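Reader: I have a chain to go through with you. Could you take me along its elements and then into some details?

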Amino acid sequence: MPEILVPEATDLARMVGAAGVFAVPAGDVRLSPDELDPAQILAGSPQVSSVELWSSPDGSQSRGIWEITPGTVTDVENDEIFVVLSGRATLEVDGGASIELVPGSVCLLSAGAKTTWIIHETLRKVYHSTS
């Protein structure tokens with residue numbers, strides 16, 4: 001199946017407003033490269049890419065698709081729920097749990113949680129995040 005291009009944000013908003021719905025095969029959507037702060041990288045050469053499918057007018061919430069290639073990175077999280085579409089990773093929370101993420105995993109992150117992501121296989125997720 002060919003990669004799917006997502007419309008630009010303004011076109012997407014217009015489409016959702018007109019039809020009330022938008023759907024894409026999330027595993028085939030073409031993502032755009034994102035910058036990863038080198039200070040976050042603990043091992044390997046992970047690359048991050050994403051596409052934002054929606055954001056609130058004030059920018060405090062967003063929904064989209066995000067992907068990271070193998071390696072180990074740290075992060076400080078926003079309030080987020082996500083579902084893993086593909087790949088495999090271990091997510092370690094400072095002072096808390098260590099969980100295995102596999103396709104179909106649903107994960108909730110708390111704002112401010114300090115995490116370490118150990119990406120074993122390129123991980124793709126769909127998310128809703130609140131900052």
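Predicted model: local features only at pLDDT ≥ 70, side-chain atom pairs only at ≥ 80, totals over all residues.

Reader: How much of the chain counts as buried?

Author: Of the 131 residues, 34% count as buried. The chain exposes about 7500 Å², and 54% of that comes from carbon and sulfur atoms.

Reader: What share of the contacts joins residues 24 or more positions apart?

Author: Among contacts with a separation of 6 or more, such residues account for 64%.

Reader: Turning to aromatics, how many pairs does a search of the whole structure find?

Author: The search finds two aromatic pairs. In one of them, the rings of Phe 82 and Trp 117 have their centres 5.8 Å apart.

Reader: Why is that pair of Phe 82 and Trp 117 called tilted?

Author: A pair of aromatic rings is described by the distance of the centres and the angle of the planes. The planes of Phe 82 and Trp 117 meet at 35°, so the pair is tilted; stacked would require under 30 degrees and edge-to-face over 60.

Reader: Where in the chain do the two partners sit?

Author: Phe 82 belongs to strand β6 (residues 79-93) and Trp 117 to strand β9 (residues 114-130). They are 35 residues apart, and the pair links distant parts of the chain.

Reader: Is Phe 82 buried or exposed? And Trp 117?

Author: Phe 82 is buried, at 0% relative accessibility. Trp 117 is also buried, at 3%.

Reader: Which residues form the aromatic cluster?

Author: Trp 66, Phe 82 and Trp 117 form one cluster.

Reader: Now the surface. Which residues form a nonpolar patch there?

Author: The patch is formed by Ile 81, Val 106 and Leu 108, with about 300 Å² of accessible area together. Leu 108 lies in strand β8 (residues 106-109). With a relative accessible area of 65%, Leu 108 is exposed, because the cut-off for exposed is over 50%.

Reader: What does the side chain of Asp 37 reach?

Author: The side chain of Asp 37 reaches the backbone nitrogen of Ala 39 at 2.9 Å. As for Asp 75, 38 residues apart from Asp 37 along the chain, the C-alpha atoms of the two are separated by 9.8 Å.

Notes:
Residues numbered from 1 in each chain as written. Heavy atoms only, no water. Buried < 20%, exposed > 50% of the residue type's maximum accessible area, 1.4 Å probe, protein only. Contact = heavy atoms within 4.5 Å. Areas by Shrake-Rupley, 256 points an atom, 1.4 Å probe, with all protein chains shown as cover. Patch = residues over 30% accessible without salt bridge, like charges linked within 9 Å, V, L, I, M, F, W, Y side chains within 5 Å. Salt bridge = Lys/Arg side-chain N within 4 Å of Asp/Glu carboxyl O. Helix = DSSP H or I, 4+ residues; strand = E, 2+ residues; numbered from the N terminus. Polar contact = N/O pair within 3.5 Å; in protein donor to acceptor, adjacent residues only side chain to side chain. Phe/Tyr/Trp six-rings, centres within 6.5 Å; stacked < 30°, edge-to-face > 60°.
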